[in-house]
Every structure is written in structure tokens, then in C-alpha cells.
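Trainee: Could you walk me through this structure, one question at a time?
Mentor: Gladly. Here it is.

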Amino acid sequence: MAGEKRVCLSGMGVTKIFGFGRTRTVAVDHVDFKFHEGEVVSIVGESGSGKTTLAKILLGLINPTEGEIYFQGQKRDIRTHRKKQEYWKNIQAIFQDPFSSYNIFRKIDSVLMDCIHMRGGRWLPHAKKVEMMAEACRFVNLKFEELTNKYPFELSGGQMQRLMIARIFLLKPKILLADEPTSMIDACSRATILDYLMDLRNAIGMTLIFITHDIGLAYYVSDTVYIMERGRFVEYGSADEVILRPKQAYTRRLISDVPKIYEEWDLSTV
Amino acid sequence: MGQAVLEVNDLTTKYITRFREDIYAVDHVSLRVEEGKTLGIAGESGCGKSTLALSLMGYYFPPLHYVSGEIILNGRKITGMKPDEIRKTALGTEIAYIPQAAMNALNPTQKVINFIEDVILAHNPTQDKKDIYELARASFEVLGLPASVLHKYPVELSGGMKQRTVIAVSVILRPTVLIADEPSSALDVTSQKMVIKMLKGLMENGFIKAMIFITHELPLLYNVADDIMVMYAGQIVEKATAKQAVFDPLHPYSKGLMGSIIVPESGLRSVKLTAIPGAPPNLKKPPAGCRFAERCKYVQPECKVTYVPLYDAGNGRAYRCILSEKTLREAYQHGW
Ligand SMILES: Nc1ncnc2c1ncn2[C@@H]1O[C@H](COP(=O)(O)OP(=O)(O)O)[C@@H](O)[C@H]1O
Ligand SMILES: Nc1ncnc2c1ncn2[C@@H]1O[C@H](COP(=O)(O)OP(=O)(O)O)[C@@H](O)[C@H]1O
Ligand SMILES: [Mg+2]
Ligand SMILES: [Mg+2]
């Protein structure tokens with residue numbers, strides 16, 4: 001399906017080097033990629049493989065040391081504050097630790113109100129704004145009436161992650177980057193969060209980029225999987241191709257290291 | 001049935017909060033752990049797994065309090081014993097507990113060997129330090145840990161190595177039962193695998209006789225446990241073999257949990273994950289009827305009002321639901 005779709009975000013030779021001399025770390029090492037409109041892509045690798053660094057580059061939070069990013073076919077230009085703001089209307093992110101993503105001194109309704117303002121809804125009548133916020137909360141099964149006047153830290157981890165998704169519902173970005181969105185919540189609530197993300201993708205037709213160390217999760221949600229080892233993409237392809245017929249030893253190891261329920265989990269490899 | 005090393009009958013414990021509220025986090029729990037077996041405990045966070053683990057040691061300190069029930073450890077009733085006596089005669093030697101996130105609680109200014117000395121001297125104050133070192137070294141060798149770790153500080157060890165060290169220290173006095181509470185949750189998959197391999201080897205190597213393994217990660221539990229107990233809101237809602245629990249769950253909550261399993265195996269992509277809507281009840285005021293009723297797809301009017309006991313389904317299997325096994329299985333197969 002990827003073949004017929006338009007490319008929305010791509011990169012060539014993207015590289016990030018931190019430090020120099022003895023502290024020099026090549027966190028992202030000449031990666032090439034093409035993410036398509038509406039596609040669900042996963043970037044999978046062990047911790048320290050460079051996933052978050054790449055995510056920050058994609059978001060424009062840090063600059064690559066080398067390489068180019070293309071957004072909707074054009075070389076991405078975020079050199080001015082204004083251009084950055086414009087870019088962030090198109091690409092948004094959800095991070096691992098939902099608590100770090102909020103300004104703890106802002107109440108939840110103002111967090112949501114900001115999203116409406118970012119989308120140019122500043123001059124909408126107040127009742128309309130409230131209706132939009134309530135709709136976004138309903139989408140993730142939160143009750144807006146119960147959230148008004150609360151601070152983000154008054155919510156549970158799962159509620160926070162749902163509030164993050166409600167924000168995205170209001171922002172309607174073209175691309176959503178989710179960096180380990182379910183690793184802080186227990187396995188039982190994970191399905192709920194994934195469901196909301198997939199529903200959201202279907203509702204607003206965005207490209208979803210999952211960043212995860214959980215290869216099972218990547219297999220479940222993605223159309224395309226990129227495997228990252230020490231800053232490089234060592235393998236990519238359709239989820240079935242990569243997970244069921246892995247070509248690289250590294251991919252095979254990632255798969256063999258997670259517990260299975262249908263096949264034997266071979267403990268002799270460690 | 002094999003020889004029981006730990007038997008718990010109708011145990012209830014509670015937290016008393018600062019505001020003098022009671023939280024019944026372990027509510028009439030019975031279980032049996034046999035020699036050579038691993039019992040797995042599953043359930044979402046907040047359901048009482050860690051509290052159960054603490055309660056099983058019979059050693060209570062505020063805010064946790066004993067309410068009723070009995071614990072029989074190695075044929076000896078430990079409920080009703082003085083805390084000091086339990087500490088001296090059971091903790092570490094008959095039952096050992098690795099708390100959640102234990103590896104992050106290691107004293108950063110102590111070398112691993114000093115830490116082991118503390119553990120052993122607390123149990124036997126006259127033990128010679130040379131003997132302790134020898135014992136530690138020998139144990140580490142059997143468990144596949146380098147002896148050099150003994151001379152390191154916690155910060156010098158990787159997460160996986162720290163956790164394996166914590167496990168090695170926990171079993172140094174050869175406890176009969178080891179309780180491991182989410183021992184690999186914070187680790188990457190490769191370190192997790194090493195930790196699991198080590199835990200599974202403890203019985204073979206004669207360090208322990210039985211294990212209780214706690215996690216919310218079901219594929220992991222499935223691979224470690226012989227039997228699985230599913231907990232919900234302080235109660236056991238299902239007891240079964242690991243295979244039954246994963247592939248033929250009876251309780252609607254267990255069914256929901258098993259429907260949230262994610263593994264990189266073919267077939268997974270065609271399965272729709274089932275999310276369980278809503279949240280567990282507040283344990284300060286648990287509902288009178290079935291605690292899962294609020295979230296249950298198969299709820300009946302009486303579920304919300306009548307107390308639901310744990311029904312014995314034979315062969316060690318039990319579940320807490322008013323619907324029959326047949327009705328439940330049919331509902332899962334053909335829809336409700
Ligand atoms: N700001 C930074 N300064 C120096 N090194 C960094 C910085 N951020 C990340 N790194 C290093 O880059 C590598 C990749 O890190 P990261 O992108 O966080 O990986 P992942 O998200 O896959 O765990 C690691 O070796 C990390 O230590
Ligand atoms: N020290 C404590 N004081 C009061 N309540 C507690 C304490 N520790 C845990 N609880 C409550 O007991 C219940 C069970 O918690 P816990 O045993 O930690 O669950 P789990 O290990 O399954 O996540 C929760 O409702 C929790 O809020
Ligand atoms: Mg990261
Ligand atoms: Mg716990």
C-alpha cells in the first residue's frame with residue numbers, strides 16, 4: 001500500500017553526533033527513510049540505539065549534524081521561529097513519560113484550549129471551544145466536566161496518556177510521533193491506548209510513527225517496520241516481512257529475546 | 001498433589017491510611033505452592049499483587065495490617081508468631097522477597113560483598129567474613145555471575161547485572177520460597193531474558209524449592225509459571241495452569257487480560273486486541289457484588305448485588321463468576 005501513497009516525511013543521510021573526542025557519540029548514523037501519508041511506521045531498537053534522538057530531529061527539536069529532512073516533498077525549512085511554529089502544526093509528538101509533557105502549572109482545560117488556539121480557533125465562541133474540548137475528551141473516554149480546574153498531576157498515568165491523545169485529536173497534525181507511548185503503563189491498559197491511537201489515525205488520516213523497543217507492539221500496529229541498531233537502520237520492510245522473515249541477525253535477536261506464547265521461548269541464547 | 005511448601009488459607013490484610021481508612025488490598029486469598037513449582041500472579045497495577053507478596057511473609061508493619069487467615073510455611077504456621085521470631089526464623093531462610101524495583105534501592109555506598117555480609121550477619125552474627133566471602137563467591141559462580149561483581153558498587157553495574165545480583169543475594173541463605181515481584185519490568189529484553197534464565201535455574205541449582213513470580217506481562221508469566229492466579233481488586237478471580245489461563249481463561253477479566261497479549265508471532269496481526277474499558281473499583285469502598293461487574297461485558301443484574309465466591313472447577317482450577325464454565329466458553333467463542 002505504501003507504493004501508491006505520497007511520501008510525507010523523508011530523510012537522506014540523517015546523522016547526529018553528540019560531543020567530540022572521547023565523548024563523541026554517533027547517535028544517529030546516516031539513516032535514509034520515506035514515511036508515507038496515512039502509514040503506520042515503527043522504529044524499533046534497543047535502548048541507546050538512537051530512536052529518541054531521531055525523533056527529536058524529525059520534530060525539529062534538535063538539528064542533524066548531517067543530512068536532509070524533506071517534508072511533503074520539499075526540503076524542510078525551520079530556520080525561523082515562525083517556520084517552526086508552522087511545522088509543528090503538521091507534526092506532533094507523544095512521549096514516554098506523559099508527566100514530562102505538561103506544564104504542571106497549567107490546568108487541563110488551558111492545555112486543551114491551547115490546542116484550539118494553535119489551530120487558529122482563538123476567535124471561536126467560548127461555547128464552541130468547550131464543545132470541541134468535550135468532544136476530544138469523549139474520544140478517549142474522559143469526562144471533560146471532571147477535568148476542568150484540575151492539574152495534569154492529579155491524573156493517573158493512563159488518564160494522562162489519554163489526555164495526550166485528546167490533545168492530538170484537537171491539533172489534528174499530519175504526522176504523529178509516539179515515542180514509547182505505552183512503556184510506562186501496564187500491559188493491561190496498553191491495548192486501550194493503542195486502540196485510541198489507531199482510531200485517531202483513522203479519524204484524521206495522519207501518519208503515525210511509533211518508536212518502541214517492543215517488537216511485538218511494532219508488529220501489531222505497523223504497516224512498515226524500521227529496525228535500528230547503533231544509530232543505523234539495518235533492515236526495513238513490511239511488518240510481516242521484517243518480523244516473520246527477518247534478514248538481519250540483530251532483528252532475529254530482538255525477536256528471539258521476547259517471550260512468546262505459541263512458539264518455544266529459547267533461553268539458551270543468553 | 002505434591003508437597004506444599006507454602007499454604008495460605010483465607011488470608012485478609014489491609015492498609016490503614018493516615019486518614020484511618022481501611023484498604024483491603026488482599027481479600028480472603030487462599031493459595032498453595034508446591035515443591036518444584038512456580039506460581040505466577042497476574043493482574044493490572046493496583047490490584048494487590050505486591051501487597052499479597054508482602055502479606056505472604058507473615059511479617060507486617062504499618063500501614064499494612066494482618067486481619068485474618070493463616071499462612072503455613074514449610075509445615076509451620078507463621079501467622080500469630082511474633083514479628084521478631086518470623087524475622088529470625090523465616091525471612092531470608094524460608095521465604096525471601098525481592099521487592100519491585102529492588103535493584104534501584106541498593107545502598108549506593110556499599111559494595112556488593114558488604115551487602116551480602118549484612119544479610120548473612122543479620123541471620124548469623126558470628127559468621128566469619130572469610131566464610132561469607134567464600135559462600136558468596138561459590139553462589140555467584142553457580143549462578144553464572146562473575147566474582148568481580150562482589151567488589152563493585154551498585155552504580156558500576158548495568159541494570160541487568162544489578163538485578164541478577166539482587167537475586168543472587170536474595171537466595172544466598174537458600175530460602176524455601178522466593179517471591180520475585182516484577183523482577184524484569186524495568187529492563188530491556190535481552191537483560192530480561194538473562195534474569196528469567198537465572199530465576200528458572202534457581203530451583204535446578206538447589207537455591208530454592210519453589211517460586212512465586214509476579215508480573216503484569218502475560219507472555220513472560222506464561223513462560224515462567226506452572227500455575228497462574230489472576231488477581232482483581234484484591235481478590236483472586238481465577239486459578240489455573242499457565243496453559244489454561246492463557247488459552248482457555250474462564251473469568252471475563254482473565255479473558256480480557258489474555259486478549260491484551262502482544263507477541264511478535266504470526267497470527268497476532270489478525271487478532272483484535274481487546275481493551276477492558278473503565279478502571280478497577282476503589283478498594284476503600286469495594287462493591288458488594290462482583291468487583292469486576294462495572295467493567296464486565298457479560299454482567300447480570302445479580303452480579304452487582306450478590307457476593308460471588310470462588311467456584312471450584314476441579315483439578316485445582318477455580319474462578320469467581322456466577323456464569324457456568326459452559327456459558328462463558330460459548331460466549332467467548334460465539335459472542336454474547
Ligand atoms: N544530549 C545528548 N548528549 C550526548 N549524548 C546523547 C544525548 N542524547 C542521546 N545521547 C546518546 O545517544 C545515543 C542514543 O540515545 P537515544 O536516542 O536516547 O536512544 P534510544 O531512544 O534508542 O534509547 C545514546 O548513546 C545516548 O547516550
Ligand atoms: N503503603 C500503602 N498505603 C496505603 N495503600 C496502599 C499502600 N501500598 C499500596 N496501597 C494500595 O493497595 C492497593 C494494592 O496495591 P499493590 O499491592 O501495590 O498493587 P500491585 O502490586 O498489583 O500494583 C492499591 O489500591 C494501592 O493504592
Ligand atoms: Mg528513547
Ligand atoms: Mg506491585
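**Salt bridges, contact and metal**

Mentor: A:D77 has 28% relative accessibility and counts as partly exposed (buried is under 20% relative accessible area, exposed over 50%, partly exposed in between, with a 1.4 Å probe and protein chains only). This is a predicted model: local features need pLDDT of at least 70, side-chain atom pairs count only at pLDDT 80 or more, and totals for chains, interfaces and linings use all residues. Residues are numbered from 1 along each chain as its sequence is written, chains are lettered from A and ligands numbered from 1 in the order written, and side-chain values use heavy atoms, with hydrogens and water left out.

Trainee: Which side chain meets A:D77 in a salt bridge?
Mentor: A salt bridge puts a side-chain nitrogen of Lys or Arg within 4 Å of a carboxyl oxygen of Asp or Glu. Side chains of opposite charge can pair when their charged atoms come close. Here the N to O distance is 3.1 Å, and the partner of A:D77 is A:R79.

Trainee: Is A:R79 buried or exposed?
Mentor: Take its relative accessibility, 73%. That value is over the 50% limit. So A:R79 counts as exposed.

Trainee: What does the salt bridge of B:K272 with A:D195 join?
Mentor: The closest N and O atoms of B:K272 and A:D195 are 3.1 Å apart. B:K272 lies in the loop between helix 9 and strand 11 (311-314) of chain B, and A:D195 in helix 7 (residues 187-204) of chain A (helices, H or I of at least four residues, and strands, E of at least two, are DSSP runs numbered from the N terminus). So the pair joins two chains.

Trainee: How many salt bridges are there between chain B and chain A?
Mentor: One of the pairs to look at is A:D240 with B:R269, with closest N and O atoms 4.0 Å apart. The count between chain B and chain A is three.

Trainee: How many residues does chain B give to the contact?
Mentor: Contact means heavy atoms within 4.5 Å. Chain A gives 35 residues. From chain B the contact takes 37 residues.

Trainee: Which atoms coordinate the magnesium ion (ligand 4)?
Mentor: Donors are N, O and S atoms within 2.8 Å of the metal (3.2 Å for Na, K and Ca); water is not among the atoms, so sites may look incomplete. The distances here are 2.1 to 2.3 Å. The atoms are B:S50 (OG) and B:Q100 (OE1).

Trainee: How far apart in sequence are the parts that B:S50 and B:Q100 tie together?
Mentor: B:S50 lies in helix 1 (residues 49-56) of chain B. B:Q100 lies in the loop between strand 6 (95-98) and helix 3 (112-123) of chain B. So the parts are apart by 50 residues.
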